[in-house]
Amino acid sequence: MKKHNFSPGPCILPQQVFEKASQAVLDYNGIGLSVMEISHRSKEFIQIMENAQNLALEHLGLQDKGYKALFLQGGASMQFLMASYNLLETKAAYLNTGTWSSKAVKEAKMFGEVMEVASSKDANFNYIPKNYTIPADADYFHCTSNNTIFGTQLRSLPETDVPVVCDMSSDIFSRKLDFSKFSLIYAGAQKNMGPSGTTLVVIKEDILGKVSRSIPSMLDYRVHLEKDSMFNTPPVFAVYVSMLTLEWLKEKGGISSMEKINETKADLLYSEIDRNPLFKGFVANKEDRSPMNATFNLTDESVKEQFDSMWKEAGINGLNGHRSVGGYRASMYNALPLESVQVLVDVMREAERTS
Ligand SMILES: *Cc1c(COP(=O)(O)O)cnc(C)c1O
């Protein structure tokens, strides 16, 4: 039986994607070859890559606006380094809202001055700082749209004239935003788009070529752009499965339909967290809560053993919180059905009744 998968990443993908992908592993479109054994220079794979790139730009509303999409390797963690390598000449502004932002800050410091415009580290990242200024002479402003570990999300973006770079690993394609406000968006595939092994990078071409240092080929966005994501062998299977997920998203009505479903799922769970005396939310302000990753704790640790066995018995997977937060984290990415959230809420109610 398929589990209710609340795993933070790698995570649930649509069942239809798993079915199509498993068929393609055996025989891709009836050509007598697996999708894994065809050349990345074959017309079949070039088609897959182009389709994935076009779908990504289409979903974000960035077609014909000077943006290109790349599927690179090295995860979002590689982008912490690549973004600063390619864009940081003198100083950059970073908003520090969690573990991943902190790691991005660390890498950027190797290339120039890093100004942390604000940080919520003082409260174990349980809120999103609101009042800060981005210096007008910064090369760029970097933020993390959704903090996967702590369960906070940037609901609105600051107004600024400097280029905005955003790590959208855990909420890309989950909600509407004016994506044209960003100059560089990156996202490890394994949170909302596909299997691990590839990273989507959406880049506005005119921000490149402004730093004076020389950049190793594999880390140079211009090299990858010039070769259309085929400078070296791309992660063909990860790109293929990402393409299938982006097709599924289109069938479902795209980001705006997905956002409505995601809000329904989040409302269902957060109202139970707020109502049920056995639980309390980790995030300080309701307006900072992430619809993607809901973090919560028990108010009475003595029921932990019982609650843990109850959710496991109900077929729930991946509910343990990150070690830096403790408690629980329910990750409700695009492919997680509402029904799974209902199962979790029912277990929470049953835990209250029997405790
Ligand atoms: C998971 C995650 C990362 C790290 O991604 P990798 O692909 O493992 O490098 C970075 N940023 C955010 C917001 C994440 O959720």
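**Exercise 1.** Determine which residues come nearest to the ligand, and how many residues lie around the ligand.

*Solution.* The structure is a predicted model, in which local features need pLDDT of at least 70, side-chain atom pairs count only at pLDDT 80 or more, and totals for chains, interfaces and linings use all residues. Residues are numbered from 1 along each chain as its sequence is written, and side-chain values use heavy atoms, with hydrogens and water left out.

**Exercise 2.** State how far polar side-chain atoms of Ser77, Thr148 and Asp167 lie from the ligand.

*Solution.* Step 1: for Ser77, the distance to a ligand oxygen atom is 2.6 Å. Step 2: an N or O atom in the Thr148 side chain is 2.4 Å from an oxygen atom of the ligand. Step 3: Asp167 has a polar side-chain atom 2.6 Å from a nitrogen atom of the ligand.

**Exercise 3.** Describe the composition of the shell around the ligand.

*Solution.* Step 1: the shell holds three nonpolar, eight polar and two charged residues. Here Ala, Val, Leu, Ile, Met, Phe, Trp, Tyr, Cys and Pro count as nonpolar, Asp, Glu, Lys and Arg as charged, and the others, Gly among them, as polar. Step 2: helix H3 (residues 75–87) contributes the largest share, four residues; a helix is a DSSP run (H or I) of at least four residues, numbered from the N terminus.

Methods. Near = heavy atom within 4 Å. Polar contact = N/O pair within 3.5 Å; in protein donor to acceptor, adjacent residues only side chain to side chain. Helix = DSSP H or I, 4+ residues; strand = E, 2+ residues; numbered from the N terminus.
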